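The sequence and the structure are shown first.

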Amino acid sequence: MSTRNAELLMAIGMLVFSLGLMWNIHSDGLVIGWMEERGPGSGLWPFWLSLGMALCSVWTMVRWFNGTTAESRDESPYMDPESFGLVVISFVLLTAMIFLVQYIGTYLSVALFLGAYMRFVGRHKWPQTLALMGGSIVFIYFLFEWQLAKYLPKGLPIFEDAFLWIDNYRWEYLM
Amino acid sequence: MTEVMTLLGNGLLQAFEPLNLFMIFAGCLAGLFIGAMPGLGSVNGVAILLPVTFLVPPTSAIIFLAALYYGAMYGGAVSSITLGIPGASTAVATVFDGRPMAQKGMADQALMAAAIASFIGGTVSIVLFTLFAPPLANLALKFGPQEEFALMILAFATFIGLGGDDIPKTIFSILLGLVMAAVGFDIISGKPRMIFFDLVEFQRGIGFLVLAIGIYGIGEMLWTLETTKGSVQVQNVKTTWARFFDNLTKIKSYIATTSLGSILGFFVGTLPAAGATPASLMSYGLAKTFSKDPDSFGKGNIAGVAAPEAANNAASTGSMLPMITLGIPGSPTTAILLGGMIIWGLRPGPLLFAEQPDFVWGLIGSMYVANLVTVMLNLALIPIFVRVLAMPFTILTPIIFILCFVGVFSTTDRMFDVWLMIALGLGGYLLRKLNYPVAPAVLAIVLGPLAERSMRQSLIGSRGDATTFINPVEHPISLGCIIIAILLMLYPLILSMRKKRAAANA
């Protein structure tokens with residue numbers, strides 16, 4: 001897709017989004033005007049701002065038709081073909097890591113993500129990859145769970161139990 | 001004046017407390033590192049590391065983040081000079097002469113000039129900050145909701161008038177940020193608003209940190225991956241003691257432009273839409289205009305490195321002035337700092353000076369110390385930073401992504417927010433590719449709840465009379481702000497009409 005087409009598509013998308021916001025506020029029954037003795041309705045602020053967003057999208061579309069914006073005259077690809085693959089694989093791996101958190105927990109998914117990225121995207125050697133995978137687990141556990149006392153998701157019960165054992169060890173011997 | 005000196009003395013004492021001093025060192029180091037990485041700047045560092053600061057008290061936290069802000073400004077020059085890629089947009093102007101100098105084998109001279117100019121810029125701006133902050137905060141104490149709202153309109157108007165981006169897209173970005181801030185329970189009536197797809201998670205609203213980390217963590221990395229294609233070429237830097245002392249003697253060749261750039265940078269930095277990037281570009285332009293040898297600019301003139309570096313450092317301090325005194329951030333980075341202050345339980349604005357003097361003066365004191373620490377660390381660690389720059393993107397990218405995920409989850413305790421961060425990051429990246437500026441949206445999501453509250457309070461107080469904002473008797477400051485805001489919004493229109501007229505005459 002060219003940048004030119006992408007700009008029009010984005011403006012249409014943003015227009016639909018803005019109208020959707022306005023519809024959402026209206027359908028929730030929020031007052032978009034003045035309420036006697038009570039002041040501005042709770043829908044006033046978001047409704048009129050959403051209308052402003054819709055008007056800005058129309059304005060961009062008008063500028064696109066007139067060829068005023070630089071993007072509307074740009075026929076080059078919207079996504080750089082040379083780096084498109086790298087961007088997509090990075091995003092897919094990131095999404096996979098977040099998806100896996102509910103099953104295998106934060107630590108394993110973080111380590112797998114780092115390992116996959118370094119080994120298959122970066123072609124780094126195994127020792128360096130494994131060192132960073134292990135290091136990331138220790139760093140996150142130490143900073144977030146230990147120092148900041150934040151609970152990070154551990155996934156299925158089997159992984160939860162494993163970390164309970166580590167937590168117990170920490171409380172018993174290291175605190 | 002004596003009172004200011006006493007308070008500043010207390011602030012300096014606080015900055016020298018062991019924990020705060022450690023925070024300054026850690027912040028400067030982290031900032032230098034983050035600033036030096038291509039594509040990453042202070043805003044990315046502050047957004048990604050904000051969740052970690054909950055480990056320490058608010059004063060130490062802001063000291064860490066302010067030091068990081070400082071360090072990143074210094075660090076930006078490292079990649080501009082050695083890679084030819086700006087560490088952040090604020091260091092774009094440094095590439096113009098920094099890169100040619102590096103190619104001529106004078107990278108060490110350019111790096112030293114950048115560090116010394118940054119130090120001068122930082123010092124001049126902190127002195128100006130100390131002088132201007134207390135009177136401005138005193139004035140702001142008289143502000144009511146009308147003035148607060150008008151000031152926010154003025155802040156947004158600067159993006160439209162001075163941002164230099166596409167106007168409808170800038171306005172769209174501002175409005176989008178304001179609407180996102182309104183998601184969740186209404187702050188006055190308590191009614192739920194914009195609960196998309198009936199997902200209860202939206203009742204808690206969209207946190208500014210989720211948007212900031214999404215845009216400046218995920219979106220920025222995708223952007224950097226695309227633009228650099230994942231590979232960079234580091235220019236060699238030769239450093240010896242003899243060259244170091246020789247480079248020190250060259251200060252006099254750029255001291256005048258550095259001083260001018262520092263003052264200019266401070267004042268440009270106070271404007272929300274302007275900030276460090278235009279300040280450094282303006283300073284570069286000024287240095288070239290006043291130079292005896294303007295043709296040498298762009299080919300490796302040392303003043304062309306010093307001038308923008310002094311200005312971008314001064315602008316970073318300048319942008320903190322409206323944040324601390326008025327509660328209006330002067331840059332996207334200070335917008336995130338302001339959001340952090342709200343999370344820490346502080347109410348940004350003029351009352352901070354009265355209610356939290358330790359916090360404010362501790363921060364000001366730390367700025368003096370951080371400036372000194374950063375220049376020393378920068379000069380000492382130049383060879384290490386250059387080596388760090390050679391770190392492959394295939395290591396840096398997953399680390400940043402992991403920090404974004406863990407940072408957002410540890411702040412909000414919800415996987416929903418992590419998914420939202422990814423969606424907003426991807427959305428921000430796709431919008432940015434089409435020239436939609438993302439900084440106004442971040443500023444707007446931070447200021448949104450404050451803007452809505454002050455607008456509604458004003459209207460309730462005036463019984464629905466919208467002219468209360470422009471009442472010359474009761475609210476002259478509000479009227480003044482709104483007039484300036486309108487003029488700023490009309491400024492690009494006037495500019496384009498002039499251009500058309502000039503083209504027609506030509």
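A salt bridge is a side-chain nitrogen of Lys or Arg within 4 Å of a carboxyl oxygen of Asp or Glu. In this predicted model, local features need pLDDT of at least 70 and side-chain atom pairs count only at pLDDT 80 or more, while totals for chains, interfaces and linings use all residues. Residues are numbered from 1 along each chain as written, chains are lettered from A and ligands numbered from 1 in written order, and side-chain values use heavy atoms, without hydrogens and water.

**Interface of chain A and chain B**

Between chain A and chain B there are 3 salt bridges. One of them joins the side chains of B:K169 and A:E7, at 2.4 Å from N to O. On the chain A side, α3(A) supplies the largest share of the residues touching chain B, 19 residues. (Helices are DSSP runs of H or I with at least four residues, numbered from the N terminus.) Contact (heavy atoms within 4.5 Å) involves the following residues.

| Chain | Residues in the contact |
|---|---|
| Chain A | 70 residues |
| Chain B | 66 residues |

**Helices α12(B) and α13(B)**

Within chain B, the axes of α12 (residues 276–290) and α13 (residues 303–318) come within 8 Å and cross at roughly 145°; axes are lines fitted to C-alpha atoms over the stretch in contact, with angles from 0 to 180 degrees between N-to-C directions. Residues of α12(B) in this contact include B:S280 and B:Y284, and those of α13(B) include B:P308 and B:N312.

How values were computed
Helices (H or I, at least four residues) and strands (E, at least two) are DSSP runs, numbered from the N terminus.
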